[in-house]
Amino acid sequence: MSDGFYERLGVAKSATLDEIKAAYQRKLAELVSRLRSARRRGADVSILESRERALREAMDVLQDGARRRRYDAFVETYREGLPADAEELW
């Protein structure tokens, strides 16, 4: 899980909602600029479009308090290692 939501937006896990929103706006503005430039040149924009979707997904999760807590819990469990038996997880 090298490309987590916090990494996509370039913020710390402890970032406030305002910091997350500001980082999202910066990243999105940069990406939209690159998209427009690539479209003018007639380049393939599929990679940039997938990055835009990834940014939106990160923002959707991190701006919702409940989804953010679930995501943080999942990441922590993932880093500690998932148990071999599903019953141990529950």
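In the predicted model, Lys27 is in contact with Arg8, Leu9, Gly10 and Leu55, when its neighbours within four places in sequence are left aside. Lys27 has its place in helix α2. The C-alpha atoms of Lys27 and Glu52 are separated by 9.0 Å, although these two residues are 25 residues apart along the chain. Lys27 has a relative accessible area of 33% and is therefore partly exposed, since this class lies between the limits of 20% for buried and 50% for exposed residues.

Leu9, one of the contacts of Lys27, also belongs to the largest nonpolar core, which has 21 residues. Leu9 is among the residues with the most contacts inside this core, together with Phe5, Val11, Ile20, Tyr24, Leu62 and Tyr71. At least two residues of the core are supplied by each of α1 (5-9), α2 (17-41), α3 (46-63) and α4 (65-80). Helix α2 gives the most, with seven residues. In soluble globular proteins, nonpolar side chains tend to be buried together.

Tyr71 illustrates how such core residues meet across the sequence. With neighbours within four places in sequence set aside, Tyr71 is in contact with Gly4, Phe5, Tyr6, Val61 and Leu62. Of these partners, Phe5 and Leu62 are also listed among the core residues with the most contacts.

Ile47 lies in helix α3. Its relative accessibility is 54%, so Ile47 counts as exposed, the cut-off being over 50%. The C-alpha atoms of Ile47 and Leu35 are 9.7 Å from each other, and the two residues are twelve residues apart along the chain.

The chain as a whole contains five helices and zero strands, and its elements follow the order α-α-α-α-α from the N terminus. Its radius of gyration is 16 Å, whereas a compact globule of 90 residues would have a value near 12 Å. The C-alpha trace spans about 55 × 30 × 15 Å along its principal axes. Among the contacts with a separation of 6 or more, 56% are between residues 24 or more positions apart.

Buried residues make up 29% of the 90 residues of the chain. The accessible surface comes to about 6400 Å², and carbon and sulfur atoms account for 48% of that surface.

Methods: Residues are numbered from 1 along each chain as its sequence is written. This is a predicted model: local features need pLDDT of at least 70, side-chain atom pairs count only at pLDDT 80 or more; totals for chains, interfaces and linings use all residues. Side-chain values use heavy atoms; hydrogens and water are left out. Helices (H or I, at least four residues) and strands (E, at least two) are DSSP runs, numbered from the N terminus. The radius of gyration is taken over C-alpha atoms; the globule rule is 2.2 Å times the number of residues to the power 0.38. Buried means under 20% relative accessible area, exposed over 50%, partly exposed in between (1.4 Å probe, protein chains only). Contact means heavy atoms within 4.5 Å. Accessible areas come from the Shrake-Rupley method with a 1.4 Å probe; for residues, only the protein chains shown count as cover. A nonpolar core is a set of buried Ala, Val, Leu, Ile, Met, Phe, Trp, Tyr and Cys residues joined through side-chain atoms within 4.5 Å.
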